[in-house]
Amino acid sequence: YRDEEELEEEEEKEKDEEGEKEEESKAVVPNSEDIDEEEEKKLKSFSDLVDVDDIELLRITNVETGQYEELVGEDICKTYEEARKIFKAGSKFTENAVKYYTMDEYVTDHVEIKQDLSTIYKSLAHFDTDESRQCKMHKRRIDLLTELVSPLNIQHFRMICRQLRFELGEARNTMVSLKYSIAAEQSADQQNWKKINNLCFSAIQEFQGFIDLLRDPSDNFPEVLSEDTVRPYIISQIYIARNYGKIKPVNAQQKIVYLGKAVDHFNAAVLYYDKNGCEGVKDEIDVAREMAHFLPAKIEKIRRMENGQL
């Protein structure tokens, strides 16, 4: 009889203990049924990582930003000196950043930071009225971007390589325009024209490199380009055509060859636009269409002059 009584007491005791545990769990996590599984995981992982007593240590207070606000203000730059002040701060920050985000460990981040530095030089050149100094800034951009292209594996970083080739083409193209302007004012000699010609060929090479990187792994060119590449493609074709037209030839036959290539690239831009369309390039296409129509007549005139028919 005593054994049965003891067993009953033990069972009642166990029931009481189970009830107390349920009450405790409800008190620790109220309305636990309303918390989804994902939120529960977050709570558990956070509580595992951080002691409740140390949570206050995670709170960030009294962040001093005054020194940076003085370096880079909120007002829009209006003069070269104002732009130069921001340029110095920006170049310092980017140079510090690439020390951590190295090419070996953080390829994408490293390239993007160097591209930011290139953009800073480009922005500063906009405020400088001295064309010679502008050329030096764009030359610095070219040096920055060129050193990034060689180490990159095209198969793994194809999109980055495309961006770099197009940006290099734009930088060289800007230098061609600046050198042309300087040559017109200073009556450039044959040596200077040779340098300008080399710049034209370099710009053509960069833009053509960008176009070639649009091909698929089987070396086929897509009939329809993606939204982010169609405008650069059309602009590249037009810039290639313009640079062929700017090259100073050694004779009439060479002039005919270069103008013929210019017609081909103008037509390539117009043909793609007429077939597939593209936003934001209508003005450029209108000019390209006119040049593609006008240049064949000019080529024929040069050819007739060369043959003594005029």
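1. Basis. The model is predicted, so local features need pLDDT of at least 70 and side-chain atom pairs count only at pLDDT 80 or more, while totals for chains, interfaces and linings use all residues. Residues are numbered from 1 along each chain as its sequence is written, and side-chain values use heavy atoms, with hydrogens and water left out.

2. Packing of α7 and α8. Helix α7 (residues 158-186) packs with helix α8 (residues 190-212) at an angle of about 155 degrees, and their axes are 8 Å apart. That makes α7 roughly antiparallel to α8 (angles over 145 degrees; under 35 is roughly parallel, 65 to 115 roughly perpendicular and the rest oblique). Axes are lines fitted to C-alpha atoms, for helices over the stretch in contact, and angles run from 0 to 180 degrees between N-to-C directions. Helices are DSSP runs of H or I with at least four residues, numbered from the N terminus.

3. Crossing and contact. The crossing of α7 past α8 is left-handed (the near helix is turned anticlockwise from the far one by less than a right angle). The contact residues of α7 with α8 comprise 13 nonpolar, five polar and eight charged. Here Ala, Val, Leu, Ile, Met, Phe, Trp, Tyr, Cys and Pro count as nonpolar, Asp, Glu, Lys and Arg as charged, and the others, Gly among them, as polar.

4. Bridge between α7 and α8. Arg165 and Glu206 form a salt bridge, with the closest N and O atoms 2.7 Å apart (the rule is a side-chain nitrogen of Lys or Arg within 4 Å of a carboxyl oxygen of Asp or Glu). Arg165 lies in helix α7 and Glu206 in helix α8, 41 residues apart. Glu206 counts as buried at 10% relative accessibility (buried is under 20% relative accessible area, exposed over 50%, partly exposed in between, with a 1.4 Å probe and protein chains only).

5. Bridge between α5 and α6. A salt bridge joins the side chains of Glu147 and Lys114 at 2.9 Å, N to O. Glu147 is in helix α6 (residues 131-149) and Lys114 in helix α5 (residues 107-127), so the pair ties together parts 33 residues apart in sequence. Lys114 is buried at 12% relative accessibility, whereas Glu147 is partly exposed at 45%.

6. Arg303 and Glu300 form a salt bridge, the closest N and O atoms being 3.3 Å apart. These residues are separated by about one helical turn, because they are three residues apart in helix α11 (residues 282-306). Arg303 is partly exposed at 36%, as is Glu300 at 37%.

7. Count and network. The salt bridges number eleven. Asp128, Asp130 and Arg133 are linked in a network of salt bridges.

Technical notes:
Helix = DSSP H or I, 4+ residues; strand = E, 2+ residues; numbered from the N terminus.
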